[in-house]
Amino acid sequence: MNGIPTRSLLEEIDKSAFEHAIFLTYGIDLPFFEDSILRSLLRQEARNVAVFADGRHAAGQLRHLAEMKKDRSGWHPCGKFYSLTPVRHQTAFHPKVALLVGEEVQLWIGSGNLEPGGLRSNLEIHNIARFDPNGIDEPGIPAMIANIWGYIRGIAEMNSSEVVRQQLNEVEESIPWVRTSKDGKNKDFRLVLGPEDDAIKIIANEIGNEKIDRVIIVSPFFDKDFRTLKSLMHLFDPKKVQILIQPDKTSMHGPTAEKLNGVDFYKLRAPNDRYAHAKIILLEGRKREIVFSGSHNLSERGMKSENYETSILQTGLNPGQILSYLKLDQDIVDSNRVNKSDLAAMSIIVRENEEDATGTQILSSAEITNYELTLRLRQETRAKNIILLVYDDSTVPKKYGRVQFNGLLGSVKVSPENVRDWVAVAIETDGKASAPVPILHVTEMFTRISKQRKFRDLANRASRTGTGLDDIEELVEDLRSVLFDEWRLTKVGRKIADDEDGLEKTETRQLSYEDFIIPLKREHESENSPVGNTRSTFDAVLGAILASLGGTKAPLASETNTEDADIEQIPDDLSSLADSSAEEEERLASEATNAEGEISFDDEEGSITSGEHSEQVTDKSAKKDTESQTKIAERYARKFKKMARCLPGQMRSRLEGDRSISIYEVEVLLTSARLFTGLVGRVQKIGDEEVVYLGWEDWAEVQAGLLDVLTTNRLKVLSRIPWNRVGHAALRELHSGLAGWCLCIRGYLNTPAIKDNTTGKTRMRIRVGLRLAGQLLGIEREKLSKEDVLKAAHWLLGHRAPDTSEPPLHFDEWCKEIGKLRTDDLRLRNIYKSASDIAESKIGLLTHKTGAWVWWPHIDGHIGLLCSDTANHFEILYEVNESKKIMPGYVVELSANS
């Protein structure tokens, strides 16, 4: 199987945006699932994730998860960001399915479990079906997805709680066709589902009287007596049966295999000695090839409809098509043949069967709503003394108290402090404990789902807008909501009690890896609420706003019909952005009527609408129309200007107060910078009037303010972000985005528009901010990809005003400048320990040279810009808003000035 073409489920999840993800699996590694799959889904704005796993394996993993809890840095998503349903069956719950729902619906059916082996290291096989509701319908795909959906719903009805069933309802709301598209089957493939379908009978019915020349089998597990293999051979009577095995890995009985007649065994060559866990039965006829692949092992439990199983039977294949695609023909050669006399001596032993029975469990689910724990039994019990067991940070459960059941349901009031640390619960009757089940935090889970839906609705609304002023009110409200409402929920600081004297103190922590997927809240708010990949929402709304203001191509309209999001109020100190004065609103409302088709402004909804009889517009009404449009544009120009002036201060005061940051704040800052760069120099022409939405002076001030927030030593925003983990995709994208924004600002500094419309002091403040940002981002140390930075910069400049020219982007020169300054700094630190050393050496700068980079050993960062001289003192700007006055002769000019 060397060289098999591969497509990774992990890669697909990491690069694509899905709203819903439903998984069926036998084995599961919960830490692996949460860290490698769930994080990617949340980063891509998935709002609804549900997992169904074999009950015995899920129970063991819950114990393991509880033990790991204390070492996972606050990352405890089970029951809060996804639901886990243990499925208990008389034999085994053995399917391997992933249903991913977004703009495209993907169905993965194969052999890989939700474990590192199943999705990374093993040799597995997956069948992938893709369906785009807006594209060309491939026959049979919707029907197959609908059939697997019915299968999932049936499992949920028998095993899951109401919370999980509600999650499935959310999926049906997104793709309602999944309930009805069960017709239109494709003759070339068929879904085989156990325990409903007997796989052997289905294959036999498909073959009919057709002659089968050869059967090729890859299976990690066989019956001890090869009963299932013998049934296939009896039904099809093939000329050859060839089985690919891995010595010491394939589970089969060697002495029995040695006695099989008409069967040849071959060694399966796996790269890097990988475990072949794929399940494949390939039947070769003279006119076609038939392949059965998925979760079914070649055992009676798997093939005879005892287990829950999922596989695909493909029938419309040319002879040798799949054999060649999987490169199995390269393994079926004489040099790989296993002598039957050697089979018994190859130490191929029968390990514990993969599908062993799970045993009987009596606790079905546990849910917490408003600090009341509700337990559901699988069947009623007569036991009187039932004890609640909880798992927090140990595999040994702790007794919490007694539970009284009424029928199948029992409830217990729980303490908020205790529940926060619980991973799972179980019950004990007559000294015997049930297997643990995960706790579903109902309120938190559906709050998160609702919030993620709101973000997605904002993006959908932005994509549906046109390109006129009549759309901008709604869009600005959207952006304001995302920028100034949601970000307040991501604080990381928390109050704790001092161990010695019991007094409260504030504890803050270094920003960790987890923050780049799930910004943390305060403890009194619900824990760990993911924002997802907020940049996609930001960019959708941002692009639509700039499109409405003209000069930028609008996003493609979406046919998705979503309800408007509930926009909350902005913070008090930004309330001036929400409304103009009452007098101005009354004047606008009185001047614009709806009688003759003029443009009107609705105070309550904040929308601009068109009248019903536009064909009757007179010259007078057209004039009023122009005046009204002009006043509305002027109103938004004032809003943008106010936003530009107060946003940096708002962010600075918020971060100074908490001394903590999250990825969300950095995203807000970058998006704000993008918005104002797209607005600067943008002119709206309405009749003979022109309205400038944001002038260059205001643009320069907001960019300087945002750079100050990022680089000031008081906040240390950029220095507190773990850029050493830049290999992570989300962090790398943010890293490049910040550098691209800085590169655009640097380019604009050299344009006539900036030089003619801003003061020299403002330009120097920006230069200082760019120098600090570049150093903190590691520009000179090649931590960033030049291609990624330029891509981010060109994306931003693609939204600039149509009448402004694109500034030059000199990435290499910027890197060279930052590198020179850093080299000089390190060199001078080794030579001069104080300012008096510089004066005594007589190399200090004595004459004023505005804009020169200078070095002085007592300022933060040592490097600054010489910006003015007053009363025989130089003023050195060493941060965007911080300067020092130093006597001439005590500073050194740096070589980067040349």
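Which residues does E817 touch, not counting residues up to four places away in sequence?

Author: Leaving out residues up to four places away in sequence, E817 touches R746, W853 and A896, where contact means heavy atoms within 4.5 Å. This is a predicted model, in which local features need pLDDT of at least 70 and side-chain atom pairs count only at pLDDT 80 or more, while totals for chains, interfaces and linings use all residues. Residues are numbered from 1 along each chain as its sequence is written, and side-chain values use heavy atoms, with hydrogens and water left out.

E817 itself sits in helix α25, residues 811–831; helices (H or I, at least four residues) and strands (E, at least two) are DSSP runs numbered from the N terminus. With W853, the side chain of E817 forms a side-chain polar contact of 3.3 Å, that is, a pair of N or O atoms within 3.5 Å, one able to donate a hydrogen and the other to accept it, with residues adjacent in sequence counting only if both atoms are side-chain atoms.

Elsewhere, the largest nonpolar core holds 73 residues, and F676, L679, W699, L707, L738 and W741 have the most contacts inside it. Such a core is a set of buried Ala, Val, Leu, Ile, Met, Phe, Trp, Tyr and Cys residues joined through side-chain atoms within 4.5 Å, and buried means under 20% relative accessible area with a 1.4 Å probe, protein chains only. Helix α21, residues 729–749, gives the most to this core, with 11 residues. Beyond its neighbours within four places in sequence, W699 is in contact with F676, T677, V680, L694, I745, Y748 and I754. Another core, of 39 residues, lies apart from this one and has A50, V87, V101 and A156 among its members.

At the N-terminal end, α3 is capped by D54, with a side-chain oxygen 3.2 Å from the backbone nitrogen of R56.

Strand β23 contains L440, which is buried at a relative accessible area of 5%. Between the C-alpha atoms of L440 and T374 there are 9.8 Å in space, although the two are 66 residues apart in sequence.

Conventions. Buried means under 20% relative accessible area, exposed over 50%, partly exposed in between (1.4 Å probe, protein chains only).
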